[in-house]
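Below is a short note for a student opening this entry. Please keep the structure in view and take the points in order.

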Amino acid sequence: MSDRKSTAVVLGGSLAGMLAARALASLGARVTVVERDALPSGPEPRKGLPQARHVHQLWSGGAHALEELLPGIGARLREAGAHRLPITTDMVGLSPRGWYRRWAESHFMVLCSRDLLDATVRAQVLADERIALVERAEVLGLDGTGAAVTGVRVRAHDDTRRTLPADLVVDATGRGSRTPHWLAALGLPEPEVREVDSGLAYASRLYRAPEAARDGFPVVNVQPAPRTESAGQGGVLLPIENGRWLVTLFGSRDDRPSPDTADFDAYARTRLRHPVLADLIARAEPLTEVAFTRTTANRRHFYERMPAWPENFVVVGDALAAFNPVYGHGMSVAAQEAVALRSTVAKLGWGTPGLSRRLQRAVARRAQQAWDLAIGQDVFYPGASETAPTRAERLIAAYVDRLVHTATGNGRVARAVTDVMSLERGAGALLTPGVLLAAVAGPLKPALGGPPFTAEELKRAELQ
């Protein structure tokens, strides 16, 4: 690698942008993060991140990547109140094929509010003197040509305009990314795009848990069943910091939850496949009104397939691939993409011809598994895609359905499924001879008749 200090500009100061900045700074680059909004100083709501009001989780595959980038971050999050919950040990989940058993720990989730996670990451990233933050600045476009980007044009809140030169520009501006427009302005063609929209809407509310259930309570999850006659509604309860429960309900086009707070409890009780969430929140203290969103479509830009790609430019995070948040993969993928940025630059070196193309392919590979998992389910919702599910998608979905059924009564298969869902192993883990044979045999234990709470949990949640 050259001794010359490289410069990078990261567009977007959310999680994906902060982690990309950290990855590049760790290689010696001077990094400027350009953010449209004024970022809060602590774990407070952020104007440009309305989805923060809904459930978020960091799978262990993402948590490991986060720790690589920011050593000690896991301990800092736990000190701030985040929970580390073993999966499936501390999960009460209803799959499309029945209740999961609570097997010994295979992987884990980090659970807290998005505000707390972002603030903790942001504080550690911005403590790096190699990283500067420019707030309240609008990105006007890329500087350069279709062959190479040389910087980015920005407009400050006082209408001052300037160009920030850079050896690498990273777009981490999320679902609202303007990269297709910016590339067109440089004379490049539109990228291939695919959207699969389940039509799910999300309604979320914060609760104060019953006092005895404020620590050590499991995740509770009622999953939808997209391949049934009724696409199915669902919901999830996540224990987060300060003794609170974050509860999100969701439903598809024909039976969505309402943004009306008065309808929240009724939807949980009458529209989900089991009333367990309604029973729990009936004994908890509501702290907020309902937050509502329909921004749940899976959208992927296949920039890595473009016939021409400019040097010194890469797209990451939701600007590259945005997922239905029901699967909880967005933050984990962003962390793994940042690790991929760091390792690719470290291997090839700044200024290597074709570096940005290699970077784009590297981050796309990190997004691929989460993309396949999401569309493999969501494509079966009515109206989700312009084309019907392919034969291959139907075969894969049938096999996954069989695996889920088997996992309700086979701990080995349950572990294989969580290996993949947690982004710790690739999808090939589900195709080993042992897993294939187990799927043929089916569950080894009979189906559970109800949610597998322990007697102590029922008592603490005031359910008995």
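**Notes on the chain**

1. Helix α1 is mostly covered, with 11 of its 11 residues buried. Buried means under 20% relative accessible area, exposed means over 50%, and partly exposed lies in between (1.4 Å probe, protein chains only). Among the buried residues of α1 are Leu15, Met18, Arg22 and Ala25. Helices (H or I, at least four residues) and strands (E, at least two) are DSSP runs, numbered from the N terminus.

2. A word on the source: this is a predicted model, in which local features need pLDDT of at least 70 and side-chain atom pairs count only at pLDDT 80 or more, while totals for chains, interfaces and linings use all residues. Residues are numbered from 1 along each chain as its sequence is written, and side-chain values use heavy atoms, with hydrogens and water left out.

3. The chain as a whole has 13 helices and 22 strands. Its C-alpha trace spans about 65 × 45 × 40 Å along the principal axes. Of the 464 residues, 57% count as buried.

4. Side chains of opposite charge can pair when their charged atoms come close. The structure holds 23 salt bridges. A salt bridge here is a side-chain nitrogen of Lys or Arg within 4 Å of a carboxyl oxygen of Asp or Glu.

5. Which residue does Arg22 meet in a salt bridge? The partner is Asp128, at 3.2 Å from N to O. This pair links distant parts of the chain, 106 residues apart: Arg22 is in helix α1 (residues 15-25), and Asp128 is in the loop between α4 (114-126) and β8 (131-134). Both Arg22 and Asp128 are buried.

6. Arg97 forms a salt bridge with Asp401, and their closest N and O atoms are 2.7 Å apart. The two are 304 residues apart, with Arg97 in the loop between β5 (91-95) and β6 (98-99) and Asp401 in helix α10 (residues 391-407). Arg97 counts as partly exposed because its relative accessibility is 34%.

7. Arg305 and Glu192 also meet in a salt bridge, at 2.9 Å from N to O. They are 113 residues apart: Arg305 is in the loop between β20 (298-301) and β21 (313-315), and Glu192 is in the loop between α5 (179-185) and β13 (193-196). Arg305, at 51% relative accessible area, is exposed, whereas Glu192, at 42%, is partly exposed. Elsewhere, salt bridges that share partners join Arg22, Asp128 and Arg130 into one network.

8. On the surface, Lys347, Arg358, Arg361, Arg365 and Arg366 gather in a patch of positive charge. Such patches are made of residues with over 30% relative accessible area and no salt bridge, like charges being joined within 9 Å. Helix α9 (residues 355-378) gives the largest share of the patch, 4 residues. Arg361 is placed in α9, and Arg361 is partly exposed because its relative accessibility is 38%.

9. Where does Val139 lie? Val139 is in strand β9 (residues 137-144). Val139 is buried, since its relative accessible area is 18%. From C-alpha to C-alpha, Val139 and Leu246 are 34 Å apart in space, and they are 107 residues apart in sequence.

Definitions and conventions:
Patches are made of residues with over 30% relative accessible area and no salt bridge: like charges are joined within 9 Å, nonpolar side chains (Val, Leu, Ile, Met, Phe, Trp, Tyr) within 5 Å. Accessible areas come from the Shrake-Rupley method with a 1.4 Å probe; for residues, only the protein chains shown count as cover. Lys and Arg count as positive and Asp and Glu as negative; His and the chain ends are not counted. The place of a charge is taken as NZ of Lys, CZ of Arg, CG of Asp or CD of Glu.
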